[in-house]
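Please work through the following exercises with the sequence and the structure at hand. Each task is followed by a solution in steps.

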Amino acid sequence: MGNQGQSPSPRSPHGSPPTLSTLTLLLLLCGHAHSQCKILRCNAEYVSSTLSLRSGGSPGALRGGGRGGGVGSGGFCRALRSYALCTRRTARTCRGDLAFHSAVHGIEDLMIQHNCSRQGPTAPPPPRGPALPGAGPGPPTPDPCDYEGRYSRLHGRPPGFLHCASFGDPHVRSFHHHFHTCRVQGAWPLLDNDFLFVQATSSPVASGANATTTRKLTIIFKNMQECIDQKVYQAEVDNLPAAFEDGSINGGDRPGGSSLSIQTANPGSHVEIQAAYIGTTIIIRQTAGQLSFSIKVAEDVARAFSAEQDLQLCVGGCPPSQRLSRSERNRRGAITVDTARQLCKEGLPVEDAYFQSCVFDVSISGDPNFTVTAQAALEDARAFLPDLEKLHLFPSDAGVPLSPATFLTLFLSGLFVLWFCFQ
């Protein structure tokens with residue numbers, strides 16, 4: 001926009017009106033000042049207004065304002081309504097901001113938890129200016145690049161997480177516990193949301209085979225305000241780098257650059273990427289000449305995508321046209337199924353989806369190293385799943401798995417709905 005030293009002043013020494021270029025510059029600067037997402041200020045004001053309520057507060061401040069009218073509900077409801085108002089005012093400039101979307105969802109949950117009405121009094125604005133003599137320091141502002149810490153501080157509970165994996169020939173476990181054996185030849189997106197893009201590129205495991213294996217993984221960590229610059233990680237078979245494409249091992253020079261990092265557990269065969277700013281851990285392994293992908297990701301991150309980003313194997317599993325049928329999975333392979341079962345049984349005693357995928361991979365490829373692939377995928381699921389009752393999946397003929405615990409949950413849920421309807 002030109003050299004600021006040469007820009008004309010709003011009024012010249014002779015009192016002439018400001019020029020058009022000066023007015024344009026001022027409008028642009030004003031627009032920039034008002035275009036910044038102010039969600040951190042909303043978060044800080046909410047934490048400040050509820051600090052006394054969390055530590056006891058005065059009895060009068062804790063009554064009234066919510067439909068429930070219970071102790072503590074009124075003060076929290078007023079604070080939550082103020083919080084919601086603040087997020088609405090900054091919504092236009094916060095589109096795509098993880099902290100903003102997390103706050104909006106969290107407010108809804110807390111309003112329900114405290115039985116708050118949407119209409120009603122709000123909390124008074126926090127005092128501004130110098131602190132009173134003898135007053136202690138105010139509450140620290142949550143670190144915008146520490147997702148788990150920020151979420152727990154704002155919502156009073158830890159965040160939820162989801163798990164997805166792709167391994168073997170390849171088998172995809174989706175966020176919703178669907179387990180598919182897929183052909184997906186070529187490049188397919190595992191994830192495509194506002195914060196992450198993950199693409200797997202696969203080729204046939206053998207000439208003329210329907211089954212494929214992943215030979216290349218591309219991961220893009222998208223630019224996020226003060227936390228990280230955009231970073232790209234690309235792995236191929238026999239080439240698992242210990243750095244991003246630009247040679248760095250973290251998120252860059254921004255204040256939160258350390259919230260993204262690469263760790264090499266076993267050079268050339270095991271890389272782990274920590275993205276604390278979005279509550280995400282990714283593990284990439286090479287075994288049996290293929291790449292495996294496993295992720296633990298915050299729910300808010302996994303759900304931050306538009307209708308145009310609906311093709312994600314981690315979200316919907318493999319499209320029906322890309323799922324191997326039962327007859328295709330039962331075709332005679334390089335070694336007999338009985339031999340493959342014996343090899344897989346040693347490390348996978350439970351005959352679940354991981355065991356069945358191991359039998360398929362070993363039989364089709366004739367490579368016993370695929371037993372290690374399935375075992376590692378199961379161990380990742382054990383470490384990443386928040387609910388271990390969903391660890392073992394038992395695929396139906398259609399390839400959509402439900403664990404026994406899930407069937408029980410659905411049954412009990414149905415009974416509850418019937419009971420509720422007759423009350």
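**Exercise 1: A disulfide between a helix and a loop**

C116 is buried, with a relative accessible area of 6%; buried means under 20% relative accessible area, exposed over 50%, and partly exposed in between (1.4 Å probe, protein chains only). This is a predicted model, in which local features need pLDDT of at least 70 and side-chain atom pairs count only at pLDDT 80 or more, while totals for chains, interfaces and linings use all residues. Residues are numbered from 1 along each chain as its sequence is written, and side-chain values use heavy atoms, with hydrogens and water left out.

Task: Determine which residue forms a disulfide with C116, and describe the bond.

Solution. 
1. A disulfide is a covalent bond between the sulfur atoms of two cysteines; here the criterion is a pair of cysteine sulfur atoms within 2.5 Å.
2. The sulfur atoms of C77 and C116 are 2.0 Å apart, and the two residues form a disulfide.
3. C77 lies in helix α3 and C116 in the loop between α4 (98-113) and α5 (147-155), so the pair ties together parts that are 39 residues apart in sequence. Helices (H or I, at least four residues) and strands (E, at least two) are DSSP runs, numbered from the N terminus.
4. The torsion about the S-S bond of C77 and C116 is about -85 degrees, so this disulfide is left-handed.
5. C77 is buried at 0% relative accessibility.

**Exercise 2: The packing of two helices**

Task: Describe how α10 packs against α11.

Solution. 
1. Helix α10 (residues 353-365) and helix α11 (residues 370-384) pack at an angle of about 160 degrees, with their axes 8 Å apart. Axes are lines fitted to C-alpha atoms, for helices over the stretch in contact, and angles run from 0 to 180 degrees between N-to-C directions.
2. This angle makes α10 roughly antiparallel to α11, since angles under 35 degrees count as roughly parallel, over 145 as roughly antiparallel, 65 to 115 as roughly perpendicular and the rest as oblique.
3. In α10, the residues that meet α11 include C358 and V362; contact means heavy atoms within 4.5 Å.
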